[in-house]
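The structure is shown first, and the description follows.

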Amino acid sequence: MKVKITGLLLLCSVVIGMAQQKKWTLEECVLYAVENNLTVAQAELNLESARIDQSDAMGALLPSLNGSLSASANTGLALDPTTNNLVSATIFSASGSMTSSVTLFDGLRNYNRIERAKLNVISGQYQLDDFKDDIKLSVANAYLQVLSNKESLKVFKAQNAVSLQDLKRTSELVNSGVVPRGDLLNIEATVADQEQQIVNAESMILISKISLAQLLGITDYENFDIAEEEFNIPPSDILDNSAKVIFDKALTFRNDIKFAMSGIELAQKDLEIAKGAKYPSVGAFINYNTRYSDQNNDPFTGEAIPFKDQLYINDGISYGAQMSIPIFNGFSVRNNIKRAKINVDQARIDYERTMLELETNVNQAYVNVISFYKAYEAAEKTLEARRLAYQYSKERFDVGLMNSFDFSQEQSRVDNAEADVVRTKYDYIFRLKILEFYFGVPISLE
């Protein structure tokens, strides 16, 4: 038994350890965020509510059926509900009815409400998909920020390792009296500055991981981490297309455009519904009712008529139709039509503004891809030059032809150049992914 318990505990520890060691890829983060993000969850509830509204609109075309029952007792002079005679007695009576009614015509408002409800469901789906698109971009940005911070930390640690070697060697030279102690102090200051950079980089990693985890709806920040992978500049032929071509294609599938277009269609349906109030409405009804009284006696025998028989004797059916004609309603119908027309115009403006924003974003993304790639290339060239200059300075420093302060400055320039390469690389990758996303390419770092 002890062996079994020990084995079970060991298995649980392994499972927990594997769960804690999970490294999230970008694709996993995107899929998880789409499933669990709070904004997306709210949009899904809105879509479900729209489906319920659609069911309500369809149900409004069906006849209604309602029943009622009542029972009462009266003492003293009272009206017998079955004979309509005044009697002075204690009367117990009961009645029941069932009524069905249906709207035959209401200016096609019920029909238009159904059409509007269908459009609203479609619009809700577009909005949900648009939120998912936004979440995907936000997750990609947050993920790349974690990667950038992690790579920066590696750079700082590598730089610090080199500086520690220089510190050790300089310390030996100072102890031997070859170089002055001031050189050692300068290198110690450089090491201390690099250690501070490492601490700051570790803090930035933690903050960026928390931001990403929050987008995913994960609260276990301590055990959350992304996959340790090296990402290079991904190949892409997106710039073979002009910004106009990318924009035209984005118009065909972007959910924000579809959502804005559905807003126009919804506003137009609201206008048709408002206009329907100008027309008469026609309805029909049928009612079945019956009643019972303990004072209802057989006129021949004088005995009380049984309950079941009274329900049959006292029942009745009524039916008919009614028409409501709008004549004057304090300008409410006319003003509602005017408001609906304004809403149509506003929806068209929203659509135009959404198209303009998309065109602006596409053009900005296109320019960003070009400029950020140039910035990355420039950073790489700068780094290569800084490394050559550092190597030359190190050779001079090793033979005592350069003081430690100037040598530390060269090291600092290399550090800054390496940090710029990391920053510009991930800046470019994210801008590239944005532009590809506008062209319909799924988010991936492969």
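In this predicted model, helix α9 is the main contributor to a positive surface patch, giving 3 residues. The patch is made up of Lys 275, Lys 278, Arg 334, Lys 338 and Lys 341. One of these members, Lys 275, is placed in helix α7. Lys 275 counts as partly exposed because its relative accessibility is 34%, which falls between the limits of 20% for buried and 50% for exposed.

Helix α4 holds another residue of this class, Gln 145. The relative accessible area of Gln 145 is 37%, so Gln 145 is likewise partly exposed. Between Gln 145 and Ser 211 there are 66 residues of sequence separation, and their C-alpha atoms are 9.7 Å apart in space.

The two accessibility values are set out below.

| Residue | Relative accessible area | Class |
|---|---|---|
| Lys 275 | 34% | partly exposed |
| Gln 145 | 37% | partly exposed |

Which residues touch the most other members of the largest nonpolar core? Within this core of 65 residues, they are Val 139, Tyr 143, Leu 212, Leu 216, Phe 224 and Ile 246. At least two core residues come from each of α2 (26-36), α3 (38-59), α4 (109-175), α5 (181-216), α6 (243-253), α7 (255-276), α9 (332-398) and α10 (404-438). In soluble globular proteins, nonpolar side chains tend to be buried together.

Conventions:
Residues are numbered from 1 along each chain as its sequence is written. This is a predicted model: local features need pLDDT of at least 70, side-chain atom pairs count only at pLDDT 80 or more; totals for chains, interfaces and linings use all residues. Side-chain values use heavy atoms; hydrogens and water are left out. A nonpolar core is a set of buried Ala, Val, Leu, Ile, Met, Phe, Trp, Tyr and Cys residues joined through side-chain atoms within 4.5 Å. Buried means under 20% relative accessible area, exposed over 50%, partly exposed in between (1.4 Å probe, protein chains only). Helices (H or I, at least four residues) and strands (E, at least two) are DSSP runs, numbered from the N terminus. Patches are made of residues with over 30% relative accessible area and no salt bridge: like charges are joined within 9 Å, nonpolar side chains (Val, Leu, Ile, Met, Phe, Trp, Tyr) within 5 Å. Accessible areas come from the Shrake-Rupley method with a 1.4 Å probe; for residues, only the protein chains shown count as cover. A salt bridge is a side-chain nitrogen of Lys or Arg within 4 Å of a carboxyl oxygen of Asp or Glu. Lys and Arg count as positive and Asp and Glu as negative; His and the chain ends are not counted. The place of a charge is taken as NZ of Lys, CZ of Arg, CG of Asp or CD of Glu.
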